[in-house]
Amino acid sequence: MKSKENGWLYVLCMGIILCLAVFVIQMVGSARNVTLTTEEIKTLRGNAFPETQVREGYAPLASFILAYIVGDVEYGDGERTKGREKTERAGGDQSTGEQFGDESNDLLIEDIRRVRLGMMGITLLFVGYLGYATWWHTRRPEVVLLVLFWASFSPTLIASGRLFTLDVLTAFGMFLSVDWFARGVQTGKWVHWLGWSITTAVALLLHWSAFALIFIYTVLVLIWGMGVTPVDISWNRILVKGGVIILLIILTVGIYIGFFDQSVPWIRYIQPMLYPAEQSVYVFGNSYGEDVWWLYPVTYGLKTPLAFLVAMGVSVWFGGMSLWAARKQVSMGYVRECARNYSWELVLGGVVVGYALWLGLVRGYEGMPALLPLIPLLWILVSEAMCSLRLWNNVPAVIWILLIGGYISSALVNAPFYISYANGLTGKTYRYQAFAKENMDQGQDLKRLAQWTREKNIDTIHLDYFGAISPKTYFEKDAYTALSVTDGPQKGYVAVSVTKLHQMKEIGEHTDKHDGYWWLYWRTPDAQIGHSILIYNVTRW
């Protein structure tokens with residue numbers, strides 16, 4: 001028996017090492033030729049200009065972590081001169097097709113490589129803690145291995161984890177809060193409730209989207225207190241503990257804002273939570289307002305590997321069948337027993353449902369990165385369902401082999417283009433027609449475009465680029481000409497960012513300024529750079 005346990009521990013350790021090693025290799029290797037993205041420039045601007053950071057929803061603690069990673073930004077009473085200077089050098093409007101910057105961004109490029117490594121370290125720590133928390137709650141090595149497997153080959157996590165954005169940091173903070181809340185529910189110990197109050201305050205200080213967790217926790221506590229907890233529980237103790245915890249959270253957030261971050265009035269921090277920035281969203285040839293509720297489900301369905309979606313479907317199907325088979329045993333005592341034995345899973349499921357509703361109904365659309373806090377919770381739920389229901393006994397082995405192989409290939413085949421990843425439902429050739437901006441085009445492929453033109457011996461290319469950095473950084477003199485939609489048809493090689501192509505079409509349809517790139521819409525691109533920049537060899541129109 002002991003040798004069997006030792007064997008499992010050996011397999012667990014080797015599996016963890018292998019998963020983390022593969023994950024790091026994918027992050028570091030795929031980040032080498034990624035141009036400074038529009039999301040990264042937002043983060044840098046937030047570090048240099050607090051007002052910009054507030055509009056993005058980042059809370060005060062995010063500023064401190066940003067400054068620590070960047071390393072040369074003064075904090076406290078000093079002015080953030082270096083961060084401001086570097087941010088200004090990167091250009092202003094994320095639209096350089098009509099007016100390129102005159103300055104090179106060499107200094108900023110050198111620094112972004114260093115700060116990206118810092119964010120990769122945080123991402124690796126997040127994945128490691130994800131495995132630890134799963135082990136603490138389940139004590140099942142097979143579940144831990146499955147969770148780390150999903151994480152190690154996740155295109156979304158790799159795409160966000162290798163860039164200097166706070167998407168992963170926000171997800172990490174929220175997962176810490178959920179983890180310690182579940183511990184408090186399971187044990188009822190003060191140390192776990194205290195840990196929950198601290199981690200929730202940290203999550204709130206990283207990004208105000210974590211504010212939704214307070215409402216979700218309130219509903220979960222009420223559900224537990226109104227019937228699924230033991231009948232001898234004291235409501236006075238619940239109220240006392242809840243009051244102390246809420247007080248600790250308020251004090252932590254208030255003290256930090258009041259004493260450490262006085263650059264922005266504290267009331268401004270809650271504005272992104274109540275009034276998100278408005279923007280149009282492009283999905284499959286149409287533009288929608290960000291308040292359309294089905295945008296997030298569609299985005300998740302198209303940018304999640306099909307293998308994981310199938311695993312989710314199989315888990316839900318067999319889980320539903322198991323519940324249906326046990327329907328005659330349902331009683332209040334049975335419900336209470338399930339609530340005690342499966343409190344971890346119930347907390348995860350409640351947070352997934354509650355946060356998804358909040359994203360769709362309250363928060364403005366921000367693409368796949370906004371879903372990142374939910375994705376690790378789904379990995380855990382699916383992994384536990386697969387292991388608890390022993391699905392490998394009910395589903396033929398060949399299907400599991402295909403699923404595992406398909407999930408791994410979803411990451412490896414699409415490397416290094418993780419930002420523009422979309423599953424087979426969109427079609428590989430016409431993937432650029434599905435999304436734009438944060439889901440497809442963040443200006444990440446400018447360097448690859450320059451390399452492509454040199455490899456193909458193209459002297460000059462007409463370029464309309466959506467991004468945060470000057471093309472002069474990578475293109476030699478006279479190797480490109482700035483292209484504007486008002487210039488009309490051009491002959492020769494034309495490169496247009498996916499976002500610019502869709503934006504100009506939308507503007508052309510709703511105004512009389514121009515007709516968009518009408519001479520490109522009917523063409524199939526002759527080449528694609530990372531699915532975010534389309535290249536046409538125009539000989540006629």
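Student: Before we count anything, what counts as a helix or a strand here?
Tutor: Both are DSSP runs, numbered from the N terminus: helices are H or I with at least four residues, strands are E with at least two. The chain has 23 helices and seven strands. This is a predicted model, where local features need pLDDT of at least 70 and side-chain atom pairs count only at pLDDT 80 or more, while totals for chains, interfaces and linings use all residues. Residues are numbered from 1 along each chain as its sequence is written, and side-chain values use heavy atoms, leaving out hydrogens and water.

Student: OK, how do α9 and α17 pack?
Tutor: Helix α9 (residues 167–187) meets helix α17 (residues 343–361) at about 140 degrees, with axes 9 Å apart. That makes α9 oblique to α17, as angles under 35 degrees count as roughly parallel, over 145 as roughly antiparallel, 65 to 115 as roughly perpendicular and the rest as oblique.

Student: And which residues make the contact?
Tutor: From α9, they include Met-174, Phe-175 and Val-178; from α17, Trp-344, Val-347 and Tyr-355 are among them. Contact means heavy atoms within 4.5 Å.

Student: Switching topic: how much of the chain is buried?
Tutor: Of the 541 residues, 53% are buried (under 20% relative accessible area, with exposed over 50% and partly exposed in between, using a 1.4 Å probe and protein chains only).

Student: What about α14, then?
Tutor: Seven of the nine residues of α14 (residues 295–303) are buried, so that helix is largely enclosed by the rest of the structure. Lys-303 is one of the buried ones, and Tyr-296 and Tyr-300 are also among them.

Definitions and conventions:
Axes fitted to C-alpha atoms, helices over the stretch in contact; angles between N-to-C directions.
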